[in-house]
Structures are given as C-alpha cells and as structure tokens.
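Student: Please take me through this model. I would like to settle the terms before we discuss the fold.

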Amino acid sequence: MTSVITVSHLNKTYATGHSALKDVCLDIRRGEIFALLGPNGAGKTTLISIICGLVNATSGTVEVAGHDIVADYRAARATIGLVPQELTTDSFESVWATVSFSRGLFGRAANPAHIEQVLRSLSLWDKKDAKIMTLSGGMKRRVLIAKALSHEPQVLFLDEPSAGVDVELRRDMWRLVRELRDKGVTIILTTHYLEEAEEMADRVGVIAKGELILVEDKATLMRKLGKKQLTVELTAPLGAVPDRLSPYGLTVSADRACLTFSYATHGAGGQEDGLSIAGLLADLSAEGIAFKDLHTEQSSLEDIFVSLVRRAP
C-alpha cells in the first residue's frame, strides 16, 4: 500500500529549549485509519500541527500526497482536512456560509451538492441557516468536521474528536469516518478513548516524550503484546502453592480461593515458555486441587498502551 504521508527525521525544539519531537520517522498509508496515541504532552498535537503547516519544524521533512509541506505548501495543505482539538468556531455567520467559505479558502469551485451531503451526514442540515454562535458545543464540533471536509481532502486529521461530545455525535462521527475510509480518505486520529482506537484503527502509533516508540498493525500489536489471564476459582481456599505449580507464576487472591495464570495470546493453546492451560489444569488435578469455575480475560489496547508508555525511556 502506498504512503500518503512521509515524515523523515522530524525534530521540534521550542525557544524555551523544550524538545517536543525527537527524530520522528513515520509513513502513513493511503486509505487507512491511523491512531496516534500518547499521554498529554507526548508530542501528538505538535506532530499534527507540523504536518498541517501550522507549526514550523526545527529540522526534518514532511511530504503529503507527494508535496513537500514547505516547498509546496499550498498543494500539500489543500490535500488536508483538520478537525482541531479546541472549539474555535464562534461566528455570526450561518452554518452554510461558514462551511462553504472554508471550501473556497482552498480554491475549490462552489459545490452546493457536496456541502449539502456533508451537512446531512453530520445531522447539520436542519441547522444550515443557524448562526454558529447559537449552536451547542456538540453542534459546533459537527461544524468543525464539516469545515474540514468541505474541500474534499485526501487526508483527514481528527485531534481528540471525541473530547466532550455526546454519544450521538460520537456514533455519527465514527460512521462517517468509516465511510470516508471506504472512499479512500486517510484518517489520522488522536484520542484518549482507547476503546475507540481499538475498534476503529488499522494501525497504531505510540508516541512518548517526543519519540515515536512503536508503529504496528493493530491486529499484530494485540497478538504480540496482548496478554490473557485465566482465573481458576477453587472449591476450597489454598494453603501453600505446591512446588509443581511454581513455574506458572500464579497469583493467589487475598482469600486464597482464586488462582490467576497470565499467558501470551500468540502462543498456541495459551502457551508461553512451554506452559499451557492444559498443563496447569493437569497439574492442579495431580495435586488434588479441585476447582469450580474458570474464566479468561484479554488485555485491551489500553492495557498495552499503558505498558508501553511506562517502559518508555
């Protein structure tokens, strides 16, 4: 799959001396949903702002759809739609006029049918004549998305799009994102709702302290770093853990009535270092330890993200 964004050895140091980005290299594929994850202050918004031409890099290069963002900034910027994190829309203009004007800023010819389609897809059609300043926060967020889509961009950035929005807007937004992806639009999103990233993203990048510490297909990441836990509920509290069971690294609950076995999801049959669920159950039986129930739990993308950030230098 071809790349639509290529970031090469990107660095950003502010006048204060703070190094926001450190030698970031990244390729984003055309037509994918890419989730950029990281804690507050990690550099997510700085990276997006540089790609979108809002902040100047200290060094390094960025190309969007084959256009250098500095040497050919007009063409590069015309391929990008940006939905910022902060609500910046508080205008006396109507929704229709504001979104139509945004299209004209990129030199695109008027296209009322496209503007109507965008407004309808965001449930804004009945508000098209309303002044922006009269809208609720959720409706203003919809207008920001409509403005970003007004010029039919190839790449759409969503910077914390779910922050402070209602469930209905979140559902509408993710439905629209899927439709855009199906049409070939590349979506880059930052979010603190990691369950959304887990559901939506094709690939995941994790940034911490200005460094891109991981980029991986979501399915591969879940397979490589995901863990499962098997909890065994015993029929009677356990005293000491028998030596036969020590290799499993079992965690014993405070009431001694449950044993927890953690294993990697990529091992066949739940195997890690030769240990398996079947082997554990056989060894429990051999030790005369009876159990009444079993249940498993798999780590989420959030668990993996927290683990990665904690390990970051």
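Tutor: Two strands pair if DSSP finds at least two bridges between them. Helices (H or I, at least four residues) and strands (E, at least two) are DSSP runs, numbered from the N terminus.

Student: Which strand does S1 join through five bridges, and in which sense?

Tutor: S1 is joined to S4 by five bridges, and the two strands run antiparallel. Within S4, Val62 is the bridge partner of Val7.

Student: What about S1 and S2: how many bridges there?

Tutor: Seven bridges link S1 with S2, again antiparallel. Val7 also has a bridge partner in S2, namely Leu26. The hairpin of S1 and S2 has five residues between the strands, and Gly17 in this hairpin takes a positive phi near 100°.

Student: Before we go on, what sort of model is this?

Tutor: It is a predicted model, in which local features need pLDDT of at least 70 and side-chain atom pairs count only at pLDDT 80 or more, while totals for chains, interfaces and linings use all residues. Residues are numbered from 1 along each chain as its sequence is written, and side-chain values use heavy atoms, with hydrogens and water left out.

Student: In which order do the four strands of that open sheet come?

Tutor: The order is S2-S1-S4-S5, with antiparallel pairing. Strand S2 (19-29) and strand S5 (67-68) are the edge strands, each pairing on one side only. S5 is held to strand S4 (residues 59-64) by two bridges in the antiparallel sense, and His67 in S5 is the bridge partner of Val64.

Student: And the six-stranded sheet: what is its order and pairing?

Tutor: That open sheet runs S6-S7-S8-S3-S9-S10, and its pairing is mixed. S6 and strand S10 (211-217) stand at the edges with a single partner strand each, so one side of each has no neighbour in the sheet. On average, neighbouring strands are turned by 15° against each other, direction ignored. Strand S9 (residues 203-208) and S10 run antiparallel and are joined by six bridges; Val204 stands opposite Glu216 in S10.

Student: Which strands does H1 lie across?

Tutor: Helix H1 (residues 44-51) lies across strand S3 (33-37), S6, S7, strand S8 (186-190) and S9, running at about 150° to S7. H1 also lies across strand S1 (3-13), S2 and S4, at about 120° to S1. Axes here are lines fitted to C-alpha atoms, for helices over the stretch in contact, and angles run from 0 to 180 degrees between N-to-C directions.

Student: Changing topic, is H5 mostly covered or uncovered?

Tutor: H5 is mostly covered, with 11 of its 13 residues buried. Buried means under 20% relative accessible area, exposed over 50%, and partly exposed in between (1.4 Å probe, protein chains only). Among the buried residues of H5 are Lys140, Arg141 and Arg142, together with Leu144 and Ile145.

Student: What do those buried residues pack against?

Tutor: They pack against strand S6 (80-83), helix H3 (95-105), helix H4 (112-121), strand S7 (155-159) and helix H6 (167-182). Contact means heavy atoms within 4.5 Å.

Student: How do H5 and H6 cross?

Tutor: Their axes come within 11 Å and cross at roughly 15°. H5 is therefore roughly parallel to H6; angles under 35 degrees count as roughly parallel, over 145 as roughly antiparallel, 65 to 115 as roughly perpendicular and the rest as oblique. The contact involves Gly138, Arg141, Arg142, Ile145 and Leu149 of H5, and Glu168, Leu169, Asp172, Met173, Leu176 and Leu180 of H6.

Student: And at what angle do H3 and H4 pack?

Tutor: The angle is about 120°, with the axes 11 Å apart, and the two helices are therefore oblique to each other. H3 contributes Val95, Trp96, Val99, Ser100 and Arg103 to the contact, while H4 contributes Pro112, His114, Ile115, Glu116 and Leu119.
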